Amino acid sequence: MSANPNILATENPVDRNGGPVWHRLHSEREDVCEALLREFRPSFESQSGARGMSKEEAMRTADWLRRTEKWHRELLQERLCKIDDALDRLMSGSYGNCSRCGRWIEDTKLAFDPAVAFCIYCWQRMETNH
Ligand SMILES: [Zn+2]
């Protein structure tokens, strides 16, 4: 019954502090990247004839779809930034602290969204300032 000293040597400090968080953030990051890489296919335009739409209607709907796609992409990019920030904080050891006031972020909030950067007070303040 001898302990293997190599186990300690390979232990990653990040895994010790927030292994599950790290993995959760990474797998979400992969999903977001994949969604961003997925090419937008305007299959709609080829279907529009079958739906009996006028050309103008079809164009307007295609335009709306493009704008929805753009908006969706912006959301994904925003999310990617947030995840990267959270991973940076995880690496630097400041993960779990509010990026604004340094207060400890509630566990329930982190469990709900591991990429959250602000405590409930700062978050509420930002929401009301909008
Ligand atoms: Zn705060």
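**Zinc site and nonpolar core in a predicted model**

User: What makes the arrangement of the four donor atoms around the zinc ion tetrahedral?

Analyst: In this predicted model, the four donor atoms around the zinc ion subtend angles of 105 to 116 degrees. Four donors count as tetrahedral if all angles lie between 85 and 135 degrees, and the arrangement is therefore called tetrahedral. The model being predicted, local features need pLDDT of at least 70 and side-chain atom pairs count only at pLDDT 80 or more, whereas totals for chains, interfaces and linings use all residues. Residues are numbered from 1 along each chain as its sequence is written, and side-chain values use heavy atoms, with hydrogens and water left out.

User: Which residues are the protein donors of the zinc ion, and how far from it do they lie?

Analyst: The SG atoms of Cys98, Cys101, Cys119 and Cys122 lie 2.2 to 2.4 Å from the zinc ion. Donors are N, O and S atoms within 2.8 Å of the metal (3.2 Å for Na, K and Ca), and sites may look incomplete because water is not among the atoms. Along the chain, the spacing of these donors is C-x2-C-x17-C-x2-C. Cys101, in the loop between helix H4 (55-92) and helix H5 (107-112), and Cys119, in the loop between H5 and helix H6 (120-129), are 18 residues apart and link distant parts of the chain. Helices here are DSSP runs (H or I, at least four residues), numbered from the N terminus.

User: What makes up the largest nonpolar core, and which of its residues touch the most other members?

Analyst: A nonpolar core is a set of buried Ala, Val, Leu, Ile, Met, Phe, Trp, Tyr and Cys residues joined through side-chain atoms within 4.5 Å. The largest one has 18 residues, of which Leu25, Val32, Ile83, Leu87, Leu90, Tyr95 and Ile105 touch the most other members. Helix H2 (13-37) and H4 are the elements that give two or more residues to this core, and H4 gives the most, with six residues.

User: Which residues is Val32 in contact with, leaving aside its neighbours within four places in sequence?

Analyst: Taking contact as heavy atoms within 4.5 Å, Val32 is in contact with Leu76, Arg79, Leu80 and Ile83.

Technical notes
Four donors count as tetrahedral if all angles lie between 85 and 135 degrees; four count as square planar and six as octahedral if opposite donors are over 155 degrees apart and all others between 65 and 115; anything else is irregular. Buried means under 20% relative accessible area, exposed over 50%, partly exposed in between (1.4 Å probe, protein chains only).
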